[in-house]
Amino acid sequence: MSVNLEAGLRAGAQTLGLGLSDEQIQRLLDYVALIQKWNKVYNLTALRDPADMLTHHLLDSLTAVAPLTRHAQGQAARVLDVGSGGGLPGVVLAICMPELEVRCVDTVAKKAAFVQQVAASLKLPNLRGIHARVESLTDPYDVICSRAFASLPDFVTWSRSALKEGGVWMAMKGKHPQDEIAALPADVNVFHVEPLTVPGLDVERCMVWMKPQPA
């Protein structure tokens, strides 16, 4: 793994205000190496260049760590990453926030298997891949997150059966999705839309926080 990638990751993490340990940095780099290795067989991502993977995958996913840390306030929490693909942002969250129990669900068996492979290779006992449709899950989760998965109305409707009472949805989006917010079910409340800045990437990103309205 190139020194440049490590330097870019360290600089990006610093910009995001994340105090990652050397072990966490190494695990994130090892994760990128695993994506590259398995990509040929599993087609996990269209990106092939490690520098693109750094900005578009790692740093983009790392923008979720500080908001989620503020939300969890150091408490153990169960997080479900929906439509996780190769584990973004779920694997990154599991590496950076060991207090979380992270489950990555995907309808593609190979992608869920890859997350299992990552958990074993990187020794992450708090990470698991699940091959299923999210609608079929009923285990309760404190936070259900997604990154570039589906429209907000589809995301909350499909995953609602897995949301714990008092739990929240955390959707990583591009520019402010006003139309999608307007189309949400009447009993879903958007309580915060947080702008995100990805180091080294000049694009609009935001995090949409939602929760069911009490009946």
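The structure is a predicted model, in which local features need pLDDT of at least 70 and side-chain atom pairs count only at pLDDT 80 or more, while totals for chains, interfaces and linings use all residues. Residues are numbered from 1 along each chain as its sequence is written, and side-chain values use heavy atoms, with hydrogens and water left out.

- Buried means under 20% relative accessible area, exposed over 50%, and partly exposed in between, with a 1.4 Å probe and protein chains only.
- Helices (H or I, at least four residues) and strands (E, at least two) are DSSP runs, numbered from the N terminus.
- Strand β1 (residues 77–82) pairs with β2 in the parallel sense over 6 bridges; pairing requires at least two DSSP bridges between two strands. Here V79 stands opposite V102 in β2.
- From β1 the chain passes through helix α5 (residues 90–96) to β2 in a right-handed β-α-β crossover. Right-handed means that, with the strands pointing away from the viewer, the path from the first strand over the helix to the second runs clockwise.
- Strand β3 (residues 127–131) runs parallel to β2, joined to it by 5 bridges, and C104 stands opposite G129 in β3.

**Cysteines**
- The whole structure has 0 disulfides, a disulfide being a pair of cysteine sulfur atoms within 2.5 Å.
- For C96, the nearest cysteine sulfur is that of C145, 13 Å away. At 10% relative accessibility, C96 counts as buried.
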